[in-house]
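Colleague: I would like to go through a structure with you, step by step. Could you put it on the screen, please?

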Amino acid sequence: MPSVKISGGAVIDFDGSRRTLLDALEQQKLGVNFHCREGYCGACRCKLLQGEVRYLNEPLAFVRKGEFLPCCSIPLTDIDIEIP
């Protein structure tokens, strides 16, 4: 079960009970901007400081190196992220 460490101190376990990282973050009341939930708009873009994620469906929004879209991804390893 990968852990998700959020810049600022919060740590959550991604146990697979939620479909995506965005869903898991919302369950923990961590505010992430979003619109589409499918990787089209890029509004949920976060920084991936460490670790690896996998996209459930390849995003259409532009994603720079070191960024990821939690709306359509899951962690493969323990990850450290920064939510803008």
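Colleague: How many aromatic pairs does the count come to?

Modeller: The count comes to zero aromatic pairs. Please bear in mind that this is a predicted model.

Colleague: Which residue lies over the face of F34, then?

Modeller: That residue is R37, which lies at 4.2 Å from the ring centre of F34.

Colleague: Where is R37 found?

Modeller: R37 belongs to the loop between helix 1 and strand 3. Its phi is near 65 degrees, which is a positive value in a residue other than glycine.

Colleague: And is R37 buried, partly exposed or exposed?

Modeller: R37 is partly exposed, because its relative accessible area is 27%.

Colleague: What about K29, what is its phi near?

Modeller: Phi of K29 is near 65 degrees, again a positive value in a residue that is not glycine. K29 lies in the loop between helix 1 and strand 3. K29 has a relative accessible area of 74%, so K29 counts as exposed.

Colleague: Let us change topic. In what order do the strands of the sheet run?

Modeller: Five strands form an open sheet, and their order is 2-1-7-3-5. The pairing in this sheet is mixed. At the edges are strand 2, residues 11-13, and strand 5, residues 67-68, each of which pairs on one side only.

Colleague: What holds strands of a sheet together in general?

Modeller: Strands of a sheet pair through backbone hydrogen bonds, and the pairing is either parallel or antiparallel.

Colleague: Strand 1 and strand 2: parallel or antiparallel?

Modeller: Strand 1, residues 3-6, pairs with strand 2 in the antiparallel sense, over three bridges. Within this pair, S3 stands opposite D13 of strand 2.

Colleague: And strand 1 with strand 7, parallel or antiparallel?

Modeller: Strand 1 and strand 7 pair in the parallel sense, over three bridges. Here K5 stands opposite D80 in strand 7.

Colleague: Which residue of strand 7 does Q50 stand opposite?

Modeller: Q50 also stands opposite D80 in strand 7. Strand 3 and strand 7 pair in the antiparallel sense, with three bridges.

Colleague: How many bridges join strand 3 and strand 5?

Modeller: There are two bridges between strand 3 and strand 5, and the sense is antiparallel. The bridge partner of K47 in strand 5 is E67.

Colleague: Back to strand 7. Which residues are on its covered face?

Modeller: I79 and I81 form the covered face of strand 7, whereas D80 and E82 form the uncovered one.

Colleague: How many residues are in the largest nonpolar core?

Modeller: The largest nonpolar core has 22 residues. Those with the most contacts inside this core are V4, L21, F68, L69, I79 and I81. Elements that each supply at least two residues of the core include helix 1 (21-27), strand 3 (46-50) and strand 7 (79-82).

Colleague: Which element gives the largest share of this core?

Modeller: Helix 1 gives the largest share, with four residues.

Terms used: Residues are numbered from 1 along each chain as its sequence is written. This is a predicted model: local features need pLDDT of at least 70, side-chain atom pairs count only at pLDDT 80 or more; totals for chains, interfaces and linings use all residues. Side-chain values use heavy atoms; hydrogens and water are left out. Two strands pair if DSSP finds at least two bridges between them. A nonpolar core is a set of buried Ala, Val, Leu, Ile, Met, Phe, Trp, Tyr and Cys residues joined through side-chain atoms within 4.5 Å. Buried means under 20% relative accessible area, exposed over 50%, partly exposed in between (1.4 Å probe, protein chains only). Rings of Phe, Tyr and Trp (its six-membered ring) pair if their centres lie within 6.5 Å; planes under 30 degrees apart count as stacked, over 60 as edge-to-face and the rest as tilted. A charge sits over a ring if NZ of Lys or CZ of Arg is within 6 Å of the ring centre and within 35 degrees of the ring normal.
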